[in-house]
Amino acid sequence: MGLKMRAGYHGTGPGVITPDGCAVELYSRLSVGVEPDIVAAAVPVGAHVLELGCGVGRVTHSLLERGFTVTAVDESQEMLDRVRGARVICSPIEDLDLGETFDVVMLASFLVHAGDVEVRRALLRTCVRHLATGGCVLIQREGEDWYTNLPRERVDPSGFTVRIVSAEPAGDGVNSVYAEYEFPDATWTQTFLARPLTKEQFERALAEVGLEVDKYLTGDRTWVRAGVAA
Ligand SMILES: C[S@@+](CC[C@H](N)C(=O)[O-])C[C@H]1O[C@@H](n2cnc3c(N)ncnc32)[C@H](O)[C@@H]1O
């Protein structure tokens with residue numbers, strides 16, 4: 001039986017759709033981008049990475065190839081079934097408590113923008129709970145201007161189009177975002193809730209759980225390395 005959809009999250013298109021509206025087949029088609037380069041430049045060689053929300057292992061596989069050890073977590077078993085070479089754990093990130101710690105905890109894919117503030121806090125607390133002394137948390141956040149000038153589209157060289165069609169206010173400072181992924185033979189859509197966070201709001205969200213920014217890793221400040229606050 002499939003998992004229950006998260007309220008405000010929805011997806012359409014062929015194959016299994018996860019509770020946050022992601023399509024397993026779509027993520028299997030997407031190639032990896034610069035994410036592994038950013039991670040590799042920011043953490044010690046061969047670190048043990050706890051990757052939260054790993055999907056089908058798009059980034060996981062590239063990290064493994066670079067010599068990292070990865071424990072990969074996702075709430076979708078169908079996503080995890082496609083991960084190769086990593087230890088996998090099927091769980092909501094919010095509830096994860098492995099009783100062990102990691103050099104690096106990675107919360108990518110903009111999960112920190114969860115619509116529900118309590119969910120966001122729980123995600124970040126999971127990062128802290130699994131962080132080894134002296135370790136770091138890597139977070140991928142949205143660009144600060146992402147929801148201006150919509151619709152916005154990008155044609156990927158591999159032959160599909162990603163379109164962020166709209167971001168409609170859904171109350172309490174949260175946007176309902178609607179995105180389309182158009183391939184020659186199939187189209188997937190995802191609707192999700194995203195709470196925009198300015199740099200200050202983002203840093204306050206980290207502070208709530210005892211984390212602080214160590215370094216913004218990219219010029220657009222979408223990738224962040226954080227550690228336990230001094
Ligand atoms: C947008 S996909 C990205 C997957 C992968 N990080 C990538 O970049 O290819 C988000 C993934 O996170 C998982 N996910 C989202 N929220 C989650 C949560 N609260 N607990 C566990 N998994 C979650 C979804 O099942 C999905 O596989």
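1. Of the 19 residues around the ligand, the nearest are Thr18, Gly53, Gly55, Arg58 and Glu75. A residue is taken as near a molecule or strand if its C-beta atom, placed from the backbone, lies within 6 Å of it. By class, the shell holds nine nonpolar, five polar and five charged residues. Here Ala, Val, Leu, Ile, Met, Phe, Trp, Tyr, Cys and Pro count as nonpolar, Asp, Glu, Lys and Arg as charged, and the others, Gly among them, as polar.

2. On conventions: this is a predicted model, in which local features need pLDDT of at least 70 and side-chain atom pairs count only at pLDDT 80 or more, while totals for chains, interfaces and linings use all residues. Residues are numbered from 1 along each chain as its sequence is written.

3. An open sheet is built from five strands in the order β1-β10-β9-β8-β7, with antiparallel pairing. β1 (10–12) and β7 (152–156) are the edge strands; each has a single partner, so one side of each lacks a neighbour in the sheet. Neighbouring strands are turned against each other by 15° on average, direction ignored. Helices (H or I, at least four residues) and strands (E, at least two) are DSSP runs numbered from the N terminus, and two strands pair if DSSP finds at least two bridges between them. Axes are lines fitted to C-alpha atoms, for helices over the stretch in contact, and angles run from 0 to 180 degrees between N-to-C directions.

4. Within the sheet, β9 (residues 175–182) and β10 (residues 187–194) run antiparallel and are joined by eight bridges. Tyrosine 181 has tryptophan 188 of β10 as its bridge partner. β7 and β8, also antiparallel, are joined by five bridges; glutamate 153 is partnered there by arginine 163 in β8.

5. The hairpin of β7 and β8 has three residues between the strands, and glycine 159 takes a positive phi near 105° in it. Serine 158 also belongs to the loop between β7 and β8. Serine 158 is exposed, with 9 other C-beta atoms within 10 Å. For burial, 20 or more other C-beta atoms within 10 Å of a residue's own make it buried, 12 or fewer exposed, and values in between partly exposed, with C-beta atoms placed from the backbone. Serine 158 and valine 177 are 19 residues apart in sequence, and their C-alpha atoms are 24 Å apart in space.

6. Helix α5 (residues 117–129) has 13 residues, which at 1.5 Å a residue should span 18 Å; the end C-alpha atoms are 18 Å apart, in agreement. The expected span is 1.5 Å times one less than the number of residues. Buried in α5 are Arg120, Leu123, Leu124, Thr126 and Cys127. These cover an arc of only 150° around the axis, which puts them on the same side of α5; the arc is that of the directions from the helix axis to the C-beta atoms.

7. Some loop residues have backbone geometry to check. Leucine 150 and proline 151 are joined by a cis peptide bond with omega about 0°, and proline 151 is in the loop between β6 (131–140) and β7. Phenylalanine 110, not a glycine, has a positive phi of about 65°; it is in the loop between β5 (102–107) and α5 and is partly exposed, with 18 other C-beta atoms within 10 Å.

8. Aspartate 172 also has a positive phi, near 55°, in a residue other than glycine. Aspartate 172 is in the loop between β8 (160–169) and β9 and counts as exposed, with 10 C-beta neighbours inside 10 Å.
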